[in-house]
Amino acid sequence: MSNAPVDTGRRRFLTAATAVVGGAGAVAVAVPFIKSWNPSAKAKAAGAPVEVNISKVEPGQLIRVEWRGKPVWVVRRTDDILAELPKHNDQLRDPNSEEDQQPEYAKNIYRSIKEEFFIAVGICTHLGCSPTYEHNKFEQYVEGIRSGFFCPCHGSKFDMSGRVFQGVPAPLNLVIPPHHYVDDNTILVGKDKGEA
């Protein structure tokens, strides 16, 4: 045993320095580990809501955006299109949108929050093809109806509210994605109003 005096100041310094280095090392290991629990940027983007500026959409025009890898249509309907919608209910499979696939705000003749704008996933409910927008050219498919959507894969037909006609392969109306109006010129597709 040594009779040399013990340097308690040096011992305290070494203990504190070891604790600081050990704590920094634990944080350095923990940060990437905890970050790995979060979804990747690609995963976030795949399901993230999409903001759509509708201020420049002309009457009768359709614009496309992508949400969750699917095309979403935003159509600004004209007064003529809106007036035509109730006139062919007897030709539709689900004219009142009673199937459970719709959000509550789509259970009306317009299938939309605001009558003027129609927002739908642009995928046929039969086998997943993308119908074409036939603006003022739909009468070749359904007599007396000027505009609508025609699926070229198997001939399914939808009106300007995305309601499916009878006698075609598609079993359901077009899907209305969750969405809401952020303001008069902006729609947020992918999230209902009040959703976190």
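Strands S2 and S3 form a hairpin with two residues between them, and in the turn Arg68 has a positive phi of about 55 degrees. Strand S2 covers residues 62-67 and strand S3 covers residues 70-76, and the two run antiparallel, joined by six bridges. One of the residues concerned is Leu62, whose bridge partner in S3 is Val75. Strands here are DSSP runs (E, at least two residues), helices are DSSP runs too (H or I, at least four residues), and both are numbered from the N terminus; two strands pair if DSSP finds at least two bridges between them.

The model is predicted, and local features need pLDDT of at least 70, side-chain atom pairs count only at pLDDT 80 or more, while totals for chains, interfaces and linings use all residues. Residues are numbered from 1 along each chain as its sequence is written, and side-chain values use heavy atoms, with hydrogens and water left out.

The chain has three helices and nine strands, which follow the pattern α-α-β-β-β-α-β-β-β-β-β-β when read along the sequence. Three of the strands form an open, antiparallel sheet in the order S5-S6-S7, and its edge strands, S5 and S7, each pair on one side only. Between S6 and S7 the antiparallel pairing runs over two bridges, and Phe149 has Phe158 in S7 as its bridge partner.

Rings of Phe, Tyr and Trp (its six-membered ring) pair if their centres lie within 6.5 Å, and planes under 30 degrees apart count as stacked, over 60 as edge-to-face and the rest as tilted. The rings of Phe138 and Phe165 have centres 6.1 Å apart and planes at 35 degrees, so this pair is tilted.

Elsewhere, ring pairs link Trp73, Phe118, Tyr133 and Phe149 into a cluster.

For the chain as a whole, buried residues make up 37% of the 196 residues. Among contacts (heavy atoms within 4.5 Å) between residues at least 6 apart in sequence, 56% join residues at least 24 apart.

Note on methods: Buried means under 20% relative accessible area, exposed over 50%, partly exposed in between (1.4 Å probe, protein chains only).
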